[in-house]
Amino acid sequence: MDSLIASNIRQRPTRTLISVAGIALGVLLVVLNTGLVRGMLNDRIKRERGIGAEIQFTRKGSSVLSPSSVMSLDVRYGDRLSQIQGVKMVSPVGRYVQTGRSGLGFEQVDGIDFESYSAISGLRIVEGRIYGNENEVIIDEFKARQSNLGIGSEIQVFGRKMKVAGIYAPESGARIKMNLTDLQNFLTAENKCTFIMIKVDDPNQEQTVQKRINNELPGNIVLLTRDIATGFGRAIPGIDTFVRAVLVLSTIVSMLVILLAMYTTITERTREIGILKSLGASNSYIISVIEKEAIVISLIGVITGMAAALLAGWGIEKGTTLQLEFHWTWLLTAALIGLCGGALGALYPAIRAANQDPVKALSYE
Amino acid sequence: MSAILKIENLTMTYRVGKVDVHALRGVNLSVGRGEFVSIMGPSGCGKSTLLHVLGGLLKPTSGRVLIDGEDLTNMSDADRTDVRRRKIGFVFQRFNLFPTLSAEGNLRLAEHIHGQGKKIIDDETRREVLKLLRLENKMRHKPLEMSGGEQQRVALARAVINRPAIILADEPTGNLDSENSEVVLNMLKQLNRELNQTIVMITHNPEAAAVASRMIEMRDGIIVKDNG
């Protein structure tokens, strides 16, 4: 039976290739989309946590979570926050969001007050120097490596060319940073920022300080940095629904491709089904032959899809600002979707084949 | 001679549109173990229908069919399929080999189905059958790489390899030239003689029918002549 399956797969290369491509597409969809969602979220979470502040303060409509360039928070809130008991240091940050360099995804630029920001986050210049004028920025090591940038390289910000003055570490917030005052001038938002980073005296008391800020400055958003992980998921509307939709679509694509391929194959092989029946093959035997063939094709599709996803992921990370993170649970989910979709898709043609009239099947031209 | 095939009052009626077609109108027949029987008759006389009923591919309208003591008549499709697997070998006019498999693959598949995945055909039986049918050097060839006669010999090997109780041959020389027909008929004779294989062959060719030890003639769904 194994050689019957192998020979059918080999002898119908176009059918096999189309089926493999269909399954691979489903797997690719799942792996890439979940990898992108996970990669982008975790990358942002990691960098937000890297800022070193326990609390982030912002106004409604100017959330640290949303990819917008709204700067509506007055930096003078910083002075009021500094006076609240338990607050050690504050640093205002302005955030500008621009399209990624390849047109895919988006890229953030933080306007910072270098002194207070580095005091909170531990940010230090590892190469070059701090920005010296409005046409200079500093970038993190990842950005320098990924975009092949060095000191003196040109970079597009606000649609204009700016120079890289220095490279900093560790990663925190946006990968491109410039002087907050210069950002305010560019955006004509004098004395405004997007959020204020708050370092507390005692990290164990962060919730107490958070409540105190809420009491003294009500109507604002006061977020614990550690809650940002869940916050990002919620801040991107329908992200869970999107991932679920991708899973359902991938399963349907896999099922339909195999269903159509196997249905066509069964019609082509009507006579062969008749021969199997004349040899005494039971219905379950015929179903298992077709199912095994579909599963082998699906397996090849899954492997192809995984390889294509890894390759595409590498290309995306190289050519865009998007980040991917492949996790084994999603790889396993994608593999199961490909295999189960293929097996389910073959079930109807298999049952149909098994129930064919042997005499009619044998006389099929 | 003990009967390996027994048919009693067998009828088969098809419904074609609004018309009933009586393909078999009360056939009685007994075939002993090791007999080589040919059933001859013009097109539409019911011989193909009879062969399909004997092979469990069709369920008769009434009557009884016993193969090696097992009554096919009241069996479910699945049970008839199982009897076919264990006791019947088919040879068809159009060979009906799997085109994607080699001769070896075609034989192995039949063995696999017969043994339900277990190897139950010993190598000696295999060698004996292949030698008898002069196929030792053809096993790696695919059907399209073989002549009609060679393909039919592979089909014969496939039918006989599991040592069935009975071989049902449906016009086995219908697609062959006279030279290859003679070879195939001789091989059927040889299988019958050397392996004591029971064979029921249908044909419309009197010369082919004459090879059998017993000739039966059918007309309008009944047996009109039996020299057995």
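These legends accompany close-up views of a predicted model.

**View 1. Chain B as a whole.**
Chain B holds 7 helices and 10 strands. Its C-alpha trace spans about 50 × 40 × 40 Å along the principal axes. A compact globule of 228 residues would have a radius of gyration near 17 Å, and chain B agrees with 17 Å. Buried residues account for 50% of the 228 residues in chain B. Of the contacts in chain B with a separation of 6 or more, 72% join residues 24 or more positions apart.

**View 2. Confidence along chain B.**
The mean pLDDT of chain B is 92. A score of at least 70 is reached by 100% of its residues. Which elements of chain B have the lowest and the highest mean pLDDT? Helix α4(B), residues 123–132, has the lowest, at 83. Strand β3(B) has the highest, at 96.

**View 3. Strand β8(B) and its burial.**
Strand β8(B) covers residues 199–203 and is mostly covered. How many of its 5 residues are buried? The count is 5 of 5. I199(B), M201(B) and T203(B) point one way from the strand. V200(B) and I202(B) point the other way. Both sets are buried.

**View 4. The partners of β8(B).**
Strand β3(B), residues 36–40, pairs with β8(B) in the parallel sense. This pairing runs over 5 bridges. M40(B) has T203(B) as its bridge partner in β8(B). Strand β7(B), residues 166–170, also pairs with β8(B) in the parallel sense, over 4 bridges. Here L168(B) has V200(B) as its bridge partner. T203(B) and V200(B) point opposite ways from β8(B), and both are buried.

β7(B) and β8(B) are parallel neighbours, paired over 4 bridges.

**View 5. The antiparallel sheet of chain B.**
An open sheet of 4 strands has the order β2-β1-β4-β5 in chain B, with antiparallel pairing. Its edge strands are β2(B), residues 19–32, and β5(B), residues 70–71. Each edge strand pairs on one side only. Within the sheet, strand β1(B), residues 3–16, runs antiparallel to strand β4(B), residues 62–67. The two are joined by 5 bridges. I7(B) finds its bridge partner in β4(B) at V65(B).

**View 6. The domains of chain A.**
The domain assignment divides chain A into domain 1 and domain 2. Domain 1 comprises residues 2–41 + 239–362. Domain 2 comprises residues 60–219. How far apart are their C-alpha centres? The centres lie 47 Å apart.

**View 7. The contact of chain A with chain B.**
The contact takes 19 residues from chain A and 20 residues from chain B. On the side of chain A, the elements giving two or more residues are α1 (2–11), α10 (270–278), α11 (283–319) and α13 (358–362). Which of these gives the largest share? It is α1(A), with 5 residues. For the complex, the predictor gives an ipTM of 0.93 and a pTM of 0.76.

Technical notes: Residues are numbered from 1 along each chain as its sequence is written. Chains are lettered from A and ligands numbered from 1 in the order in which they are written. This is a predicted model: local features need pLDDT of at least 70, side-chain atom pairs count only at pLDDT 80 or more; totals for chains, interfaces and linings use all residues. Domain bounds come from an automatic or database domain assignment. A residue is buried if 20 or more other C-beta atoms lie within 10 Å of its own, exposed if 12 or fewer, and partly exposed in between; C-beta atoms are placed from the backbone. Two strands pair if DSSP finds at least two bridges between them. The radius of gyration is taken over C-alpha atoms; the globule rule is 2.2 Å times the number of residues to the power 0.38. Two residues are in contact if their C-beta atoms, placed from the backbone, lie within 7 Å. pLDDT is the predictor's confidence in each residue, from 0 to 100.
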